[in-house]
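Subject: The structure you asked about

Hi,

Here is the structure to open up before we talk.

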Amino acid sequence: MSEKKREWTWEADGMKVVRSIARSGPGCHQGCGVLVYVKNGKLVKVEGDPEFPSNQGRLCPRCLALTEVVYHPDRLKYPLRRAGERGEGKWERITWEEAYETIANRFNKIKTEYGPESVIFSNGTARDVIIYSARLAYTFGSPNRFGFLQGNACFIPKIATMAALFGDFAVADCAQFFPSRYEDPNWRVPSCIIIWGNEPTIASPDGFMGHWIIECIRRGSELIVVDPRRTWIATRAKEWLQIRPGTDAALALSMLNVIINENLYDEAFVEKWTHGFDELRQRVQEYPPEKVAKITWIPREQIIEAARMYATSKPATIQWGVAVEQSKECVATLHAITALWSVTGNMDVPGGNIIKSRLFDLGRLNRWGVETLTEEQKKKRIGLGLYPFPDWAGIIPRKPTIEQMLTGSPYPIRGAWIQGSNSFTCAAAFPKTVHEALRKLEFVVVVDLFMTPTAMALADIVLPAATYPERDGIAIAGGIGTYVGTINKAIEPVGECKSDMEINLELGKRLNPKAWPWKDIREMFSALIETTGMTFEELRDKGYAYDPLEYKKYEKGLLRQDRKPGFETPTGKVELYSTVLENCGLDPLPYFEEPPESPISTPEIAKEYPLVLTTGARTWGFFHSEHRQIPSLRRMNPDPLTEIHPETAEKLGINDGDWIYIESKYGRCKQKAKLTKGINPGVVHSQHGWWFPEKPGPEPSLFGVWESSINLLLPPGWTGRSGFGYPYKSQMCRVYRTEEAQNA
Ligand code: SF4
């Protein structure tokens with residue numbers, strides 16, 4: 001590992017300055033380097049750390065608003081026990097000791113009566129919290145780690161698909177694996193970057209920062225952007241492909257059609273390192289640009305132009321967002337896009353799509369403690385054997401879990417641990433069923449920063465979590481393990497808040513002391529990062545550490561367990577024709593399938609609900625359902641917004657700023673109309689994750705969670721054949737204005 005000696009704390013202008021790394025809470029995927037300024041024990045301000053390679057001093061508004069989060073009057077400050085009916089909003093303050101004792105007693109009672117699998121453990125997308133939440137589940141004896149996203153449609157399908165196709169996972173190369181970044185002599189600027197279903201400047205997804213793209217543009221990269229919305233990054237693109245939501249696989253297959261038929265692929269790479277090219281060649285003949293233009297609503301010429309531009313630019317890379325996972329048959333979409341960078345020889349080359357080195361094994365961390373589960377307990381995992389794809393992240397499928405909560409079959413679910421997750425508010429499809437199912441449980445614990453609709457509706461015990469300046473921790477960048485560094489405590493927590501890690505360690509000691517042997521969290525962190533050869537304190541004192549990166553690892557025997565050249569797949573090659581998918585009973589080649597409901601697959605539904613609804617794009621001020629109570633961030637986006645093309649709005653008598661109903665076959669909600677020519681007249685986009693902390697908390701209001709939740713429009717079912725994917729991005733809806741909506 002390469003590392004750099006840096007001071008981690010010093011005095012300046014009468015203030016203590018602490019170098020740290022931003023992690024949850026408040027929530028974020030990334031881990032940007034920050035300088036935290038403290039005066040008289042109070043957090044004064046946060047700045048970006050200019051010496052931290054990943055963000056080089058940049059911070060987005062969410063981090064800059066940190067003082068507002070930490071000192072917000074609504075922060076949870078003490079452990080609470082429910083004192084009235086569930087959802088009534090009556091709480092009594094208890095001590096940590098009482099809280100731990102109650103939780104341990106209730107969970108152990110469920111364990112004795114029904115088995116440890118009857119408690120499910122859920123965490124939000126908060127990256128370092130996941131590690132400890134997983135360990136709590138496994139060491140309690142439960143194989144049931146639960147995510148609230150239908151079809152686990154975020155990041156997990158990508159990892160599983162790439163693992164099947166080439167045995168590892170790859171990311172767009174923006175020099176992020178080098179501490180010296182853009183100056184590193186081994187790196188090359190991508191000549192072309194495809195941004196697919198993503199606005200990285202706002203979202204900074206999975207440890208991939210939007211400003212990296214801007215740095216590449218400055219150095220000469222040209223962009224192709226695939227997005228139904230004209231995002232900021234789309235306005236910088238040479239080609240903006242305004243796609244119909246849910247048709248990404250068709251576009252990728254058509255680009256492959258052009259690249260293969262015009263012999264623009266990398267013959268040498270294809271010949272030596274891929275399996276099944278001829279079968280792929282045959283399959284893509286089904287997707288000529290003229291046909292796919294009708295499917296995707298992208299002009300034929302633009303599909304051809306984009307394919308040629310990508311294939312003839314060397315090197316070229318693809319940065320994809322969560323949108324490509326949020327279709328029903330998302331594995332096929334991911335397969336098609338992966339084939340693009342494989343057949344063009346952009347696999348693991350400087351400026352291409354590079355394979356992350358495995359030294360710091362993220363998979364191991366996400367399943368830390370899984371070895372403590374007995375074989376018998378592993379077999380009790382909900383949904384085991386239901387879907388064919390190999391499990392990667394250890395997250396149980398949502399639909400059978402909800403059904404099991406409601407029916408008690410094949411065994412009852414009685415308890416839940418919900419840590420940093422606003423479960424039915426965020427991106428939970430058919431949320432009222434989720435709400436109903438969770439309310440049936442006999443004992444629920446929620447750990448969070450604020451009283452959320454989830455905590456209000458479900459919790460028997462609420463535990464107040466610390467924000468990142470109030471705690472120590474280990475940060476492993478984003479979802480791709482770019483670096484490892486320490487989160488350094490700068491201030492004492494407000495009230496009696498404790499870090500998630502401390503909470504889990506203390507509770508873990510009560511539930512299974514042998515599995516939590518560490519005397520304190522720093523000792524636990526040192527155990528966690530033992531593969532680096534450093535303790536927590538040594539890592540903190542040395543600064544961040546990077547895995548060394550080598551390109552073309554497949555030539556050097558660096559990807560396979562047996563150290564032979566090639567990829568860790570059954571054929572030793574990148575499997576364009578996937579033997580893994582075939583063995584799972586799935587189509588071994590990529591394909592396109594219409595969304596279950598769309599203007600094409602269900603024209604009868606389209607008569608009544610003529611618009612394609614897409615949802616979930618990120619905003620500057622919010623991270624999913626977080627930050628709605630933070631004044632400076634809420635001012636940026638005071639109301640939930642639905643984007644509509646002005647022509648569509650005019651036909652419907654809708655003005656900019658009107659409250660409108662968005663309605664599907666399954667439900668409706670209310671948002672404000674935002675007119676923009678940046679969206680296709682046949683598509684609307686609605687924001688997700690809305691609730692109103694200023695509205696009454698107790699049931700039935702739950703902070704107004706049912707008023708503007710776009711999840712209410714999403715149907716049950718429809719997970720892909722692989723077990724992954726759900727059409728979050730492509731539903732059918734109608735929108736309308738009523739007088740009642742203006743005042744309600
Ligand atoms: S992406 Fe933004 S919110 Fe996340 S850590 Fe970086 S600056 Fe903070």
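Let's begin with two helices: the axes of H12 (residues 289-296) and H13 (residues 300-312) come within 8 Å and cross at roughly 110°. That makes H12 roughly perpendicular to H13 (the word covers 65 to 115 degrees). Helices here are DSSP runs of H or I with at least four residues, strands are runs of E with at least two, and both are numbered from the N terminus. Axes are lines fitted to C-alpha atoms, for helices over the stretch in contact, with angles from 0 to 180 degrees between N-to-C directions.

Who touches whom? On H12 the contact is made by Pro289, Glu290, Val292 and Ala293, and on H13 by Arg300, Ile303 and Ile304. (Contact means that C-beta atoms, placed from the backbone, lie within 7 Å.)

A word on the model: it is predicted, so local features need pLDDT of at least 70 and side-chain atom pairs count only at pLDDT 80 or more, while totals for chains, interfaces and linings use all residues. Residues are numbered from 1 along each chain as its sequence is written.

Now the domains, whose bounds come from an automatic or database assignment. The C-alpha centres of domain 1 and domain 2 lie 28 Å apart, and 18 residues of domain 1 are in contact with 17 of domain 2. Strand E21 (residues 473-476) gives the most to domain 1's side, with four residues.

Finally, the ligand: its surroundings include Ala22, Cys28, Arg62 and Ser204, where near means a C-beta atom, placed from the backbone, within 6 Å.

Cheers

Note on methods: Contact = placed C-beta atoms within 7 Å. Parallel < 35°, antiparallel > 145°, perpendicular 65-115°, else oblique.
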